[in-house]
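Subject: Structure handover

Hello,

Please find the structure below, with my notes after it.

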Amino acid sequence: MSAPTFNEAGLRGLPPVSPGRVRKDRIARTFIGALTLIALVPLVLVVFYLLKQGLGAWNGDFFTTDPTGRTCFPGQTTCSIGGVRSAILGTLEIVALASVIAIPFGTAVAVYLVEYGKQSKFANTVRYFVDVMTGVPSVAFGLFVYIVLVASGIGGSYAGWKGSVALALLMLPIVVRSSEVVLNLVPNQLRESALALGAPRWKVIWSVVLPTARSGLITGSLLAVARAAGETAPLLFTAFATNELVFGLGQPMNSLPLQIFNDVRTPQDAIVQRAWGAALFLVLLILILNLVARLAQRRSRLA
Amino acid sequence: MDTPVRRILTGVAALILVIIAFFLIRLYIEARPVFSAYGATHFVFDNAWLPSKNLYGAWPLIAGTLITSAIALIIGVPIAVAAALFVTELCPRPLRATLTILVDLLAAVPSVVYGLWAVFFLIPKIKPAEQWFSDTFSFLPFVGGQVAGPNYFIAGLLLATMIIPIVSAISREVLATVPQEHKEAALALGATRWEMIRLAVLPYSRAGISGAAMLGLGRALGETIAVTLVIGNSAHLGSTIFSQGYTLAAVIANEFGEAASNPVHRASLIAAGLVLFLLTLVVNFIARFYVTRAEKKMLGGAPVAEPVATGAAA
């Protein structure tokens, strides 16, 4: 954009801005603009390489076979390393269970904070520890779930549902914080009118506050789901990674992030190619979740 | 009916405190064998991580975590703050929403995908530039010598990319709290746009931006998978920023699988997790202090949610 000096802006009585200051202004602005462009360079490159390498991997059996074939010797024509079916199924199941745990739990905590706890000492302590939880490295949650659920041998050793617990711990603070913001936006007049009509507090929450905040709550929850879907570290020593197709969450399970992580470390072109394909699918999944979250936000009745 | 609902919800909220307490206690109990065998200071400051010889001094890992995070901050924070300044103060209005979405999109890419991209694109493409820099500026401390493929610098660069969206989003919110009157006053006194930014905007939002940078640091310290893929996983403390290294998070991700059978190794990895947690706890504590102070100046006073992915900063 062209920089209007302030004399052009109608202040004709003032002395002109000295050329040195104008130059400095222009240099500073260009520099800030250039840094902004640099911020976007990795995004462009990642998206470009994902499409370039990933689409090539999406051949016939990419979505219909499991990554069980690990070796493919040169010269073999009929060998196939397999697709990522079990990883997709695993990610969907593990993230679904994590959402079922974290979203109701997190929303309930937020309802408590906004409707009952308010600024009490206990509520502020809870808020503080939710913040602490936000900062916990995801690998630490993986360790914790390993110690509590895997090493102690509850329900066998590694299992899909244990991965869900680790992801749920990660999602919980995100859900609480975003829900709290949305619930705070519900106008107090709505609550007061319902209370004045004689409705008890729980009924006001259930039939006035939550429905009003619904789309905002959905947005926050979906963003938490999107975040969890891409996490690898919490699954490493909880869900483990098996290549076979597994339906039940009671056994070790494959997942897209783990499949990518393991494939990257295998020095074989076809397997790396599969990692790109899986990465493209994972990023699309997360983008769709983000898009739906944004649409829900747009429909929101709150500002 | 109202009291039971209240009680249940209070109980659910209290459960958060229970989980955190349980988390800390269990991690401490599992890590204690290594603290009692070596002493906490030896564990933290001994420069020897050799599980095969039963030596567990985590200093190379802690140093690696600090080095990569420092590089990430040095590269990432100016870019993130510039992007925030550009969006809030300089860019034409129609571009504003698009740019915000694009910067936020950086947060939607999973860590493992950044790792994949860095291994097969960033490392090979950037290596000649690194070697040139290393040869030309070998008089600088921690620069010079042969450049390794995976190294501290690459990890820092990747971490910078990953903290840009969060630092930028929080900086944007902080910059939005600068009163319009201050900016208009600067302009009315004849300041150029840049002078307005330097004299009115930056001094007012300095604390908040520091907080944003600290939150970014917290994120960088704990980042695991992308770093594991590009740090080289060598427990020997490198002598330059272009040597291979290790971080606390990476060592856990890499060695925990094989450590399950060796109780001391396992305990020391859990201790590494505990040290990492305490590091991020301190950093986040300082960050929250600054950010809440900046938030209190905001109208409305609603808590600002940390943006998780695109568009969380509504």
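Is the crossing of α9(A) and α10(A) left-handed or right-handed? The crossing of these two helices is left-handed. Please keep in mind throughout that this is a predicted model.

Helix pair in chain A

Helix α9 of chain A covers residues 256–264, and helix α10 of chain A covers residues 269–298. Their axes come within 8 Å and cross at roughly 155 degrees. Because angles over 145 degrees count as roughly antiparallel, α9(A) is roughly antiparallel to α10(A).

On the α9(A) side, the contact is made by Leu256(A), Pro257(A), Gln259(A), Ile260(A), Asp263(A) and Val264(A). The residues they meet in α10(A) are Ile271(A), Val272(A), Arg274(A), Ala275(A), Ala278(A), Ala279(A), Phe281(A) and Leu282(A). Sorted by kind, the residues of this contact are eleven nonpolar, one polar and two charged.

Helix pair in chain B

In chain B, the pair to look at is helix α3, residues 59–90, and helix α6, residues 152–175. The axes of α3(B) and α6(B) come within 6 Å, with a crossing angle of roughly 40 degrees. Angles under 35 degrees count as roughly parallel and those from 65 to 115 as roughly perpendicular; α3(B) and α6(B) are therefore oblique to each other. Their crossing is right-handed. The contact of α3(B) with α6(B) involves 22 nonpolar residues, eight polar ones and one charged.

Two single residues

Arg177(A) sits in helix α5 of chain A, which spans residues 160–185. Is Arg177(A) buried or exposed? Its relative accessibility is 14%, so Arg177(A) counts as buried, the cut-off being under 20%. From Arg177(A) to Ile154(A) there are 23 residues in sequence and 31 Å in space, C-alpha to C-alpha.

His42(B) belongs to helix α2 of chain B, residues 40–45. With a relative accessibility of 44%, His42(B) counts as partly exposed, because that class lies between the 20% and 50% limits. How far apart are His42(B) and Tyr114(B) in space, C-alpha to C-alpha? The distance is 34 Å, and His42(B) and Tyr114(B) are 72 residues apart in sequence.

Regards

Terms used:
Residues numbered from 1 in each chain as written. Chains lettered and ligands numbered in written order. Predicted model: local features only at pLDDT ≥ 70, side-chain atom pairs only at ≥ 80, totals over all residues. Heavy atoms only, no water. Axes fitted to C-alpha atoms, helices over the stretch in contact; angles between N-to-C directions. Helix = DSSP H or I, 4+ residues; strand = E, 2+ residues; numbered from the N terminus. Left-handed = near helix turned anticlockwise from the far one by under 90°. Contact = heavy atoms within 4.5 Å. Nonpolar A, V, L, I, M, F, W, Y, C, P; charged D, E, K, R; others polar. Buried < 20%, exposed > 50% of the residue type's maximum accessible area, 1.4 Å probe, protein only.
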